[in-house]
Amino acid sequence: MAGFGGLFLTNKGRALQAKAQAGVTLHYNRIGIGDGNLGGQSIPNLNNLISQKKSLPITKLQTLTGGKAVVGTVLTNQDVTTGFYFRELGVFAQDPDEGEILFCYGNAGANAEFIPAAGGQDVIEKTIDAVTIVGNAANVTATIDNSLIFATKAELLAHFDDPGAHGIDLIKADLVIVQDDLSAAPTEPVTIPQGVSIVNADRKSRFKELKVIGRSTVNILGREGNGNISVYAWNKLTAALVPDNAIYGPNSVKLTMDSGETLASFFKNVIDRVSQGKYYIAGADVRNGNLSGGIKFRMTMVGDVVTMEYPSYAPSTNYQFQYIKIAPTDYDTATGFVIDPMIEGSGGQYGFISGIRLYEIPQAEYDAIDSMTPEQVAAMYPYVDDMKHVSNIFVQNPGKNLLPPFSEWTLHANTEITESYKMTLFATANLQVSDSPLIACYVGQNYFISANISPGAFILIIDKAKTANILILDSTTPSGTFSATETGFYIRFVNKNGVTGPVSVTNPILNIGSTVLTFEPQKPSYVFLPDCNLRSNVDRSVADRLYMDGEGKPRAVRRFREVVLDGSMGWVFDTDRSGFKVVKVSGVSGVTATPHKVSVKHDGKILRNIAAGSAADCVDTPSTPADTVFISIADPDSGWGDSYTPTTDEIKAYFYGWRLEQEGVQGVPYTSGTKAWVSIVGSEPFLSVTPTRPTINYNPYRLMYELAQSIDEPVTYEGELLLHDGPNQIEMGTGIVVREAANPVNTNGYRIINDSENSPTLIPSRLKNRADRILDIYRNQTIDNIWRKVTDGFSYGKMRALADPAFYDTSAAYSVTYLALDTYKLGIAPALITGAVTPNMKETVDDTVQAITGLRRDVSVLQNVKSDKQLPQWIAPGLLNAWENYGGDSEAAGYYKDSSGRVFVRAFLKNGITTTYTPIFYLPRGYRPSEIIRRTSSSYSSGIQVSSISINPDGSVQCVDNVANTWLILDFSFLPGGGD
């Protein structure tokens, strides 16, 4: 059912309640439901539902203690002709002076429930109980429709509890309840939407029977919408990349109006990337700077003389996702399909734009957009670079106490933590603050906070911008309730003005609802699916599906596969066409002639799915020859001149990121003369011999295609989600990275992970992705609590971790689980996940026994490989050619082989000879590959650079390209005797 988080009195409802206190009868007429979006409207000012869909008669009226009453009705879809989202709920009452009024109102927002039309598979019939405020009104009545009244289980139980009801029937009823609790019963379904939601549970239970449906999001603009301003044109403005206000990566695009102008645009025609008869959604994140008119997203269909624009200008306080949905008739005769955001103001004024995207969507999604809130549309169509799938999923439940322990707060330097939930500030000046991490919440939900606060201190609930207090607590008022008005807030501990010396806070608890719970520490549970990559075609008719097997472990039925198309494959020349050439590769197992395929070029451009001989930048997978992929490449991209036939090795070089040119003639495709090979991404000097390895920082082509036959395979996961009795605050999204190897560095009196400082000492501490939130740090697979998580300007992303070197184990392997900041590089979240909880005592006990049995089995397996998996025995190689260990507390060079036979190599070196093919050390027999393997690494001289390392069948680990020796980091693995 839709989650409303409580009903609120309207202004007219408050007036009628005041009259009721003076003796007027409070009479309820009916209940209305609708699908209206609240937007910026004020609930107290409402006089009716925004968009009423049904008026329901009252079937129940029950007065409660505490000045409240329950008004009930029955909702059925048997007379619903058009489905709608159950988003609004209103109780109507009779005012003696005004007539019928809207007494109280609630809006479920993003948690609206869809009510289907009658005649389908879903038959809806449910009771709705609305709790209203009546105060001390003496007379509370309602118009009751007796034909619809039926008792709920709770009402029957209350009736049975009446001593004067039935006597022996009461005993029988109790026995039935006990029998029901001890009998087999089906599980109760639970749905968890994307973002934060409130899920109620009758008892503590595992979240089981997890199911996720795959979805692929393909940005037709590739990566051009993320700061690649060189591919756009602009009129009467200047576009520039700036680091301020960035939301995707390090920069956003700043649009500044030219002097003397009042209206300007930033545009790109993509008519060549869309297809007739298709539906699309285009959009971007926009924000006003100081434009007197504003900035908004728009589209122009040249030839159709159609300009489509978002209905309002963007705010200046934050980015707003603005979008336009596009039907085939909007561009059926157009000669231009132009993304055309505009700014309005005067010379020198500016706005910002980021995350421009264009997605093909099925008609069903196009039709549904108008019934969605802007927040739902933004969640459904997030910005991604080129093509991403449902992956890196996290689902978290913090437990009844939503407050994390003080070790996860950003603490003042004078603060001391003596217990997980006891903090003392030894204040030396006014207003010395310690802040919690941002606490996610559900908008409209009531929260209660309580703590033991010493005199001289405040606990403050503050908004996301940290500019306004929501609630203030101190020793005289140590608890309170508030309603969330945005998606997150902070808790702040601070001393009062004029107070110095020790002040403390102990055992704070933040819980859902309006009453305090008994203190308990946070008891989080979670499930992580870090690399599930669940894919689909564009219209979602074919998709990968994740499910739980009989042992409670996730598996995926794969309908799609994704492969990297690089220079290691057996490419051959096919045909030469005017301005482009067609090449092909065989042996791509399972590829079919299906139209359900997407190929991404090295620069992020999406290739068209038409015959490769038609034009450049096309991909084709015909039924004959089988398992073969054809790709067309423009001559300027490859450097193969008109009528020039590239060799197999030259085609492979292109797919490694190299373009052929005539030496000394830059940018001209090669036809004759001395050959030169130039990095497509410009990351290194030209080569005079045909390259046989990838150029640095090159992203190879990728192909996602539908399999001829689906496959079923296990999925990597960690954790298990638990629901406690009562309301649970669940957060579901994307961006989780699980147990990534960390390289803590020793500097300034700390061991540091994930520092942003651009120095040769601290760069190696960075995680692979900018961190939004570090969740856990592990030492040899066990959580290590010596680390303090810090949110500050020195973090690579938003958070880094510090530890006292005295407690750091230099012989241990450290890893980090964290939420990445740049989720657009990793994947998208599913719209929802489904599962189930146990319905009664028997099923809970049976499920627990099954879980314990599976756990014992898994532990017994782990014990057999514990020493190999958790405590690898690193072997020190003999370093050659002046290379030596970096020293200090850095790990010494080493290699080892795990139980699966995979070889791991690590090293932090300096001072060696960097000439190409110079050996650094040799691996012994049994640790060598059967063919040459190339790996990238990091090294430093006057700056950080990406280096190429070769591991050879003779065991030599060699410098290849761009290797510096102030320091060099090696961190890679491979399968010996079998390549990669």
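**Strand pairing, salt bridges and a cavity**

Colleague: Over how many bridges do strand 4 and strand 5 (residues 68-76) pair in the antiparallel sense?
Modeller: This is a predicted model, with residues numbered from 1 along each chain as its sequence is written. Local features need pLDDT of at least 70 and side-chain atom pairs pLDDT 80 or more, totals for chains, interfaces and linings use all residues, and side-chain values use heavy atoms, without hydrogens and water. Strands here are DSSP runs of E, at least two residues, numbered from the N terminus, and two of them pair if DSSP finds at least two bridges between them. For strand 4 and strand 5, the antiparallel pairing runs over five bridges.

Colleague: Which strands are the edge strands of the open sheet?
Modeller: The sheet has three strands in the order 4-5-10, with antiparallel pairing. An edge strand pairs on one side only, and that picks out strand 4 (60-64) and strand 10 (125-133).

Colleague: Which residue meets Lys-60 in a salt bridge?
Modeller: Lys-60 stands opposite Gly-72 in strand 5, but the salt bridge (a side-chain nitrogen of Lys or Arg within 4 Å of a carboxyl oxygen of Asp or Glu) goes elsewhere. Its partner lies in strand 10, so the pair ties together parts that are 69 residues apart in sequence. The N to O distance is 3.1 Å, and the partner is Asp-129.

Colleague: Is Lys-60 buried or partly exposed?
Modeller: Buried means under 20% relative accessible area, exposed over 50%, and partly exposed in between (1.4 Å probe, protein chains only). Asp-129, at 40%, counts as partly exposed. Lys-60 has 15% relative accessibility, so Lys-60 counts as buried.

Colleague: How many residues apart are Glu-706 and Arg-559?
Modeller: Their side chains meet in a salt bridge at 3.3 Å, N to O. Glu-706 is in strand 52 (residues 701-714) and Arg-559 in strand 43 (residues 554-565), distant parts of the chain that are 147 residues apart.

Colleague: How many salt bridges does the structure hold?
Modeller: One more example joins Asp-725 and Lys-400, with the closest N and O atoms 3.4 Å apart. Other salt bridges share partners, joining Arg-223, Asp-386, Lys-388, Arg-535, Glu-562 and Arg-702 into one network. For the structure, the count is 49.

Colleague: How many residues in the lining of the largest cavity are charged?
Modeller: The lining includes Glu-224, Tyr-232, Phe-266 and Ile-356. Asp, Glu, Lys and Arg count as charged. The lining divides into five nonpolar and three polar residues, and the number charged is one.

Methods. Helices (H or I, at least four residues) and strands (E, at least two) are DSSP runs, numbered from the N terminus. On a 1 Å grid over the protein atoms alone, a cavity is a set of points where a 1.4 Å probe fits but cannot get out, and a pocket is an open set with protein on both sides within 12 Å along at least five of seven lines; lining residues have an atom within 4 Å of a point.
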